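Subject: Structure for your review

Hello,

Here is the structure I promised to pass on. My notes follow below it.

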Amino acid sequence: MNEIRTVEALRYILPLREGGSLPALMDADDDFKYVLKFRGGGHGAKALIAEFIGGELARAAGLRVPEQVFVNLDEDFGRTEGDEEIQDLLQASRGLNLGLHFLSGALTWDVAVNHADATEASRIVWLDAFMTNVDRTWRNTNMLLWHGRELWLIDHGASLYFHHNWTGWVKAALSPFPYVKDHALLRDASQLEEADRYMHGLITPGLIDEIVASVPETWLLQASQEVSPEEQRRVYSEFLKTRLSNSLIFVNHAREVRNALV
């Protein structure tokens, strides 16, 4: 994986009032704008961990995702913001957060109007089933249309939901992922077996370990007071590697559900 850059947040532009985490648009010291995901948000550091791991796995698989950067918030950031809710959020998020490069002019992907080709749709469905991402449905696609035709993936924070109950991770790793029935691109995903072979060529156990090792320790410390950062890293890696080596469980299930739909 590529090295993740760290930037300093300079200016709070506006809140993006979508979802429970209340992300914001901000300027950074590298002269770019980012969608800032706060570790003090409603879903806490676990959402940032899932977002980061999911985004880097998607990038490694050749899918389009905005560049992810670590964003440092100092105590002066957003001081002039008058909204008390936002001020509380900023206060709880001092330190390292996550930013996604802002895709200016991008539009929400509408499954009723926009269509992905079978290859791309199958790879996205595979990735979301692998990551147990419950939040890419026709109601909320978390996909953007940029430059008129390119499909970009955003918002992987609802992935890896096993980490809300650490004791059940082994069973979760072998789950067929029943929520795939609601996936926005399932009908277009007619090449799941080909996607499985393709993904195994790019997502490897070594890559998984490398991505998990890059998760900031401060997020892991905030995510759990009972499970150490070292143990969390071990479980994330083992969960994903177990899921990778047993991918036919979720691939076959997704194929069966799709066949029933079409």
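Where is the place of Leu174? Leu174 sits in the loop between helix 4 (169–173) and helix 5 (192–202). Please keep in mind that this is a predicted model. With a relative accessible area of 38%, Leu174 is partly exposed. Leaving aside residues up to four places away in sequence, Leu174 touches Thr242, Arg243, Asn246 and Ile249. Leu174 and Gly148 are 26 residues apart in sequence, but their C-alpha atoms are 38 Å apart in space.

Gly54 is part of helix 1 (residues 44–60). Gly54 counts as buried because its relative accessibility is 0%, and buried means under 20%. From Gly54 to Leu160 there are 106 residues in sequence and 8.7 Å in space, C-alpha to C-alpha. Gly54 also touches Met131 and His156, again not counting residues up to four places away in sequence.

Now the charged residues. Side chains of opposite charge can pair when their charged atoms come close. A search of the whole structure gives 14 salt bridges. Among them are these:

- Arg11 and Asp27 meet through their side chains at 2.8 Å, N to O. Arg11 is in strand 1 (residues 6–15) and Asp27 in strand 2 (residues 24–28), so this pair ties together parts that are 16 residues apart in sequence. Arg11 is partly exposed at 45% relative accessible area, whereas Asp27 is buried at 15%.
- Asp155 and Lys37 form a salt bridge, with the closest N and O atoms 3.6 Å apart. Asp155 lies in the loop between strand 8 (150–153) and helix 4, and Lys37 in strand 3 (residues 33–37), so the pair ties together parts that are 118 residues apart in sequence. Asp155 is partly exposed, at 26% relative accessible area, and Lys37 is buried, at 10%.
- Glu120 and Arg64 form a salt bridge, the closest N and O atoms being 3.1 Å apart. This pair links distant parts of the chain, 56 residues apart: Glu120 is in helix 3 (residues 118–131) and Arg64 in the loop between helix 1 and strand 4. Glu120 counts as buried at 18% relative accessibility, while Arg64 is partly exposed at 32%.

Lastly, the surface. Glu8, Asp29, Asp31, Asp74 and Glu75 form a negative surface patch.

Regards

Definitions and conventions
Residues numbered from 1 in each chain as written. Predicted model: local features only at pLDDT ≥ 70, side-chain atom pairs only at ≥ 80, totals over all residues. Heavy atoms only, no water. Patch = residues over 30% accessible without salt bridge, like charges linked within 9 Å, V, L, I, M, F, W, Y side chains within 5 Å. Areas by Shrake-Rupley, 256 points an atom, 1.4 Å probe, with all protein chains shown as cover. Salt bridge = Lys/Arg side-chain N within 4 Å of Asp/Glu carboxyl O. Lys, Arg positive; Asp, Glu negative; His and termini not counted. Charge placed at Lys NZ, Arg CZ, Asp CG, Glu CD. Helix = DSSP H or I, 4+ residues; strand = E, 2+ residues; numbered from the N terminus. Buried < 20%, exposed > 50% of the residue type's maximum accessible area, 1.4 Å probe, protein only. Contact = heavy atoms within 4.5 Å.
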